[in-house]
Amino acid sequence: MPRLFSIMLALTLHFAISDANSTAQESRVFRAGTATTNITPPLGESIVGGWSPLPADEVHDELHARALVLDDGKTQLAIVIVDNVGIPAEIFQAAYARVAETTGIPIHCQLFAATHTHSATSARSSNALIAASSLNDYQQFLASRIADAVRIAHKRLAPARIGWGSVEESSELFNRRWYVAQEDERRNPFGGVDQVRMNPSSSATLIRPAGPVDPEVSFISVQTADGNPLCVLANYSLHYVGGVPARVISADYFAVFAEKIGELLEVDNNSPTFVGMLSNGTSGDVNNINFAERGPSLEPFVKMRRVGEKIAERVASALPKVNYQNWVELRAARSELELAVRRPDEKLLAYLRNVDAKPNDEEPFHKHERTYAERVQQLAKSPEKISVPLQVLRIGDLGIAAIPFEVFTEIGLDIKEQCPLGDCFTIELAGGSYGYLPTPAQHELGGYETWMGTNKVEFTASDKIRDRILQLFAEVK
């Protein structure tokens, strides 16, 4: 009899606990909010992206900070995608502090990243490795507008549901680093000859690309509780597209996607506001130029519209298959990683001093040697080590990595393969802007992205960053 009583008591407790868990799950509410803020600078500010910054004299399309805030009842995450080529860490830090103060969202739960448009006003300091003592007017404006986007999205938090998935679009991706036959195509600004060339000229004899591409378009879709579209955040591993005239401000294909995805979903422009967002994946060595089969030149803005609309159409076609969940757990982790800064030795400095001393009419060994003489001399004034921010978010079984460099595609593919979560993608230029991030093997090949002054940190940085990102994923899993 006592044994029978024990069994009955155990069963009673089991069902009581199960009922309690079921009730707790039913009572959990997942919420989301979205917002955009305008970050378009005044005309006259310098547009970066080319070798020589030029003052803006026209706006083709406005620049924005696009925000998504998620809340699982315990943790809140803020994601902001900003129309800029690269934003220094100190600007993001100012925005983090304002968001934490006004919304209570902790810094490690805030992921802010630039899109990499090459037709936006610079937010960079003169030396990206030396923190600015104070922000200039546009930098202060940008920090406040990023924070405002989160603050508004946070205010709009309402019951929602979320899902994610991916689709492939390979036709717009080409690795821009090539093995080419001609030695003069492979010269570098330091008097040497590399094994590969970025963006080879039309006369170059192409052998093969030096790296892969990643055709996956990852996306998150958020809907209101009754199923209306609220946000689509996508991620694509493609550099800017360009085709924007000099001196003209534009957010490039990232903004085209944001506009087109809303059209395809036939969103109501009334509240709640739908926000389309396209983040830059790992594309430090990938662009939109098919060097093997060059097509005709296009009119301004045509190519970026084609690319943005194509990606939006691909994502929209996959959205009906998404499995939406009424609640998922949110987690985040952040870490600082110390990296050595590349510094010139005396031999290189002597060579660059000779470059500076050349008569202007003397034939250069490389057309950008004077530019790199200046960049390397800046590096010589930089600290020997820097600390870079790394971050991961977990949304259910989806992982998002955030890296503050222009990351080579193979690094992103490696993170995807080793990520312990069910799905994963990486947003580059997130949390800062520290130059290009090649792999050690790509450093051996040379080329623009590996040159000192374009790349600023130690050769093994990508391995250290990948390992730290995977550690952070393990923490949030």
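Predicted model: local features only at pLDDT ≥ 70, side-chain atom pairs only at ≥ 80, totals over all residues.
1. The next point concerns which way the residues of α6 face. Leu-348, Leu-349, Leu-352 and Val-355 are buried in this helix, and around the axis they cover an arc of only 110 degrees, which puts them on the same side of α6. The face turned away from that buried side carries Glu-346, Lys-347, Asn-354 and Ala-357, which are exposed. As for what lies against the buried residues of α6, they pack against α7, residues 369-380.

2. Turning to the sheet, three strands form an open sheet in the order β12-β11-β13, and their pairing is antiparallel. The strands β12 (197-198) and β13 (206-209) stand at the edges, where each has a single partner strand, so one side of each is left without a neighbour in the sheet. In general, the strands of a sheet pair through backbone hydrogen bonds, and the pairing may be either parallel or antiparallel.

3. Strand β11, residues 177-180, runs antiparallel to β13 and is joined to it by three bridges. Within this pairing, Trp-178 has Pro-209 of β13 as its bridge partner.

4. Thr-450 deserves a point of its own, and a student may ask where it is found. Thr-450 sits in the loop between α9 (440-445) and α10 (461-476). Its relative accessible area is 6%, and because buried means under 20%, Thr-450 counts as buried. When its neighbours within four places in sequence are left aside, Thr-450 is in contact with Arg-177, Arg-342, Pro-438, Gln-442, His-443 and Asn-455.

5. The last point is the second largest pocket, whose volume is about 500 Å³. It is lined by 24 residues, and those closest to its centre are Arg-66, Ala-255, Ala-258, Glu-259 and Phe-274. The elements giving two or more residues to this lining are β5 (64-71), α4 (252-264), β17 (275-280) and α5 (302-318). Which element gives the largest share of the lining of the second largest pocket? That share comes from α4, which supplies seven residues.

How values were computed
Residues numbered from 1 in each chain as written. Heavy atoms only, no water. Buried < 20%, exposed > 50% of the residue type's maximum accessible area, 1.4 Å probe, protein only. Helix = DSSP H or I, 4+ residues; strand = E, 2+ residues; numbered from the N terminus. Arc of directions from axis to C-beta. Contact = heavy atoms within 4.5 Å. Pairing = 2+ DSSP bridges. 1 Å grid on protein atoms, 1.4 Å probe; cavity = no way out; pocket = protein on both sides within 12 Å on 5 of 7 lines; lining within 4 Å. Points joined across faces, edges and corners; volume = space filled by probe spheres on them.
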